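Have the sequence and the model side by side before reading on.

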Amino acid sequence: AGLASGSAAMLAEAAHSIADTVDQLVLLGSLRLGRRPADEEHQFGHGKERFFWAFVAAVWIFFAGAVFSIGQGVLALRDGHNIGDPLVSFVVLGVAFVAEGISLIRAARQLRQGAVQSRVSFTRFVGEVRDPVPRVVLLEDAAAVAGVLVAAAGLGASVLTGSETFDALASIGVGVILAVAAVGVGTHAKALLLGESARPETREFLEREIEGRPEVVSVPELRTMHVGPDDVLVKVRACGICGS
């Protein structure tokens, strides 16, 4: 639709869709890579594959989506362009809104179930979840829905006013949305790669379990690090009846 109409906003959405599709394939592959068993060279398993490929996804979103979309908008503002017949563009955006909206609802439902099981708020669970995949999907779907709305608004304003400037500005807006999503995904993946600790509830549970043993008097030190979404490395210094 972008190529047929010449709309900068639609071309930005095309780049957005390509970036999302590649990311989903990368994350799907990371699920298999992360499940490989531990070996002599990777004695704690390959769980961090999920973290690494989530970071790669963030970089891809930024360059393939954000940079292209902003550049496309700037070029359209500078050189001018024609949005052609907007009917096809609006039909495509309508279909995209429904598809992305359904995907967003499913992603939010999955994370909400995790929040209910952990007995914490949805917002807190999304911020603390140690599996990057559902978080990336949620952010990408939210950015996709927002991008579709921005593109539709830009096209609509251009049709109403006769000025293609709004279409170009919508392309830049889509790029900004993608940049924000890329930073959110990348920041989370970076924290996991650097060795993020287990969630507070998990640390409290571990401490209670260790202190509950009859030979343990206290636990002055307990450190954790995620080596995979569901695998935690634990270091404990416990004081016992006969010493430490």
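In this predicted model, the largest nonpolar core has 17 residues, and those that touch the most other members are L27, A54, L111, F125, V136 and L138. Several helices supply this core: α3, α4 (86-118), α5 (122-128), α6 (132-161) and α7 (165-193) each give two or more residues to it. There is also a second, separate core of 8 residues, with I83, L93, A151 and L155 among them.

Leaving aside residues up to four places away in sequence, F125 touches L111, G114, A115, S118, V120 and R199.

S30 belongs to helix α2, which covers residues 8-34. Is S30 buried or exposed? Its relative accessibility is 0%, so S30 counts as buried, the limit for that term being under 20%. The side chain of S30 reaches the backbone oxygen of L27 at 2.6 Å. Apart from residues up to four places away in sequence, S30 touches E49, R50, W53 and V133.

Now to the surface. A nonpolar patch there is formed by F52, F55, V59, F62, F63, V67 and L193, which together have about 580 Å² of accessible area. Helix α3 (residues 49-79) gives the most to this patch, with 6 residues. V67 is found in helix α3 and has a relative accessible area of 40%, so V67 is partly exposed.

Charged residues come next. Side chains of opposite charge can pair when their charged atoms come close. The structure holds 10 salt bridges. One of them joins D79 and R78, with the closest N and O atoms 3.0 Å apart. D79 counts as exposed because its relative accessibility is 54%, and R78 counts as exposed at 63%.

Another salt bridge links the side chains of E128 and R124, at 3.0 Å from N to O. Why are E128 and R124 separated by about one helical turn? They are 4 residues apart in helix α5, which means a separation of about one helical turn. E128 has 17% relative accessibility and therefore counts as buried, while R124, at 36%, counts as partly exposed. These two residues also belong to a network of salt bridges that links R124, E128, R199 and E201.

A further salt bridge is formed by R223 and E221, whose closest N and O atoms are 2.7 Å apart. Here R223 counts as exposed at 51% relative accessibility, whereas E221 counts as buried at 17%.

Definitions and conventions
Residues numbered from 1 in each chain as written. Predicted model: local features only at pLDDT ≥ 70, side-chain atom pairs only at ≥ 80, totals over all residues. Heavy atoms only, no water. Buried < 20%, exposed > 50% of the residue type's maximum accessible area, 1.4 Å probe, protein only. Polar contact = N/O pair within 3.5 Å; in protein donor to acceptor, adjacent residues only side chain to side chain. Contact = heavy atoms within 4.5 Å. Patch = residues over 30% accessible without salt bridge, like charges linked within 9 Å, V, L, I, M, F, W, Y side chains within 5 Å. Areas by Shrake-Rupley, 256 points an atom, 1.4 Å probe, with all protein chains shown as cover. Salt bridge = Lys/Arg side-chain N within 4 Å of Asp/Glu carboxyl O. Core = buried A, V, L, I, M, F, W, Y, C linked by side-chain atoms within 4.5 Å.
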